[in-house]
Amino acid sequence: MTEQQTPLPAPAVRPVHGTASWAIAALALAGTAWVARAVWHLRLAMAGEPASGPPDQGGGVHRPLNALEDSYHLVASVGGVVTALCAIVFLFWLDRMRDNAKALSGQEPRYGHLWLWLGWIVPVVNLWIPRGVVADVHRSVFPERRLPAVVNWWWGLWLAGLAGGVGIIYADDTDEVIARAYSGVLPLLAADLVIVAAAGAAAVMVHTLTAAQLRHTDEPAHAG
């Protein structure tokens, strides 16, 4: 008599649909915040620099801000908070996807858990590790498939936005950005557009990778 074999337990995957929905909503909100910044950059350029000069007068002297400059400070602050919250929600989604990929593939991720967070802020390596973490999530489960093109679009746009000096990590403080809007707004608007496009590409990427993983695990669409 052939001994009956006990079936192996299914991989322990975590619900991801709800986390993905929150990440997409957060990215949409962040994109909206950057559109608002672009509108204020344009408003500053159209108003023109006051006769008293830029807010930062040099030598540690700052003149009083006018109403439009004050409102830009508010828009920039709110945008910074929204962007930070978006980053946290996005990373929670990526963390859950990463855990599921490990459960489904039985393989340890190529990058340790610490790099999920530090990979964005450590100089030089932040140019490739975040994309590598995302790519690893997909390739470990679907080694026979090509990486979705939207991953490369997202990462290319993100790097272009950072190079423009108006990404999450600023090259200038808010008063210096105001001065840039007065002196030449087009580079600022171009960088704003790139960041908005990067947020849109990230939302498409979240949907694409999540849908692929859900189809693989047959997870109910309402889970999470």
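A nonpolar core is a set of buried Ala, Val, Leu, Ile, Met, Phe, Trp, Tyr and Cys residues joined through side-chain atoms within 4.5 Å. I needed that wording before looking for one here. I also note that the model is predicted.

**Entry 1: overall layout**

I began with the elements. The protein has 7 helices and 2 strands. Read from the N terminus, the order is α-β-β-α-α-α-α-α-α. I then looked up burial: 41% of the 224 residues count as buried. I also looked up how far apart in sequence the contacting residues lie. Among contacts with a separation of 6 or more, 75% join residues 24 or more positions apart.

**Entry 2: the cores**

Which residues have the most contacts inside the largest nonpolar core? I found F90, W93, L94, W154 and M205, in a core of 42 residues. Five helices each supply at least two residues of this core: α1 (17-47), α2 (67-105), α4 (129-141), α5 (149-163) and α7 (186-217). Of the contributors, α7 gives the most, with 9 residues.

Setting aside neighbours within four places in sequence, I listed A23, L27, W120, W154, M205 and V206 as the residues in contact with F90. There is also a second, separate core, which has 10 residues, including Y72, V177, I178 and L188.

**Entry 3: α1 against α7**

I looked up how α1 and α7 lie together. Their axes come within 9 Å and cross at roughly 170 degrees. An angle over 145 degrees counts as roughly antiparallel, and α1 and α7 are therefore roughly antiparallel to each other.

Next I listed the residues that meet. On the α1 side they are H17, A20, A23, I24, L27, G31, W34, V35, R37, A38, H41 and L42. On the α7 side they are L188, L189, D192, I195, V196, A199, A202, A203, V206, H207, T210 and L214. By class, this contact has 17 nonpolar, 5 polar and 2 charged residues.

**Entry 4: α4 against α5**

The crossing of α4 and α5 is right-handed.

Which residues of α4 meet α5? I found P130, R131 and V134, which meet V151, N152, W154 and W155 in α5. The contact of α4 with α5 divides into 5 nonpolar, 1 polar and 1 charged residues. W154 was already on my list from the largest core.

**Entry 5: A30**

Is A30 buried or exposed? Residues under 20% relative accessible area are called buried, so A30, at 6%, counts as buried. Leaving out residues up to four places away in sequence, A30 touches V82 and C86. I also checked A30 against T83: they are 53 residues apart in sequence, and 5.4 Å apart in space, C-alpha to C-alpha.

Key
Residues numbered from 1 in each chain as written. Predicted model: local features only at pLDDT ≥ 70, side-chain atom pairs only at ≥ 80, totals over all residues. Heavy atoms only, no water. Buried < 20%, exposed > 50% of the residue type's maximum accessible area, 1.4 Å probe, protein only. Helix = DSSP H or I, 4+ residues; strand = E, 2+ residues; numbered from the N terminus. Contact = heavy atoms within 4.5 Å. Left-handed = near helix turned anticlockwise from the far one by under 90°. Nonpolar A, V, L, I, M, F, W, Y, C, P; charged D, E, K, R; others polar. Axes fitted to C-alpha atoms, helices over the stretch in contact; angles between N-to-C directions. Parallel < 35°, antiparallel > 145°, perpendicular 65-115°, else oblique.
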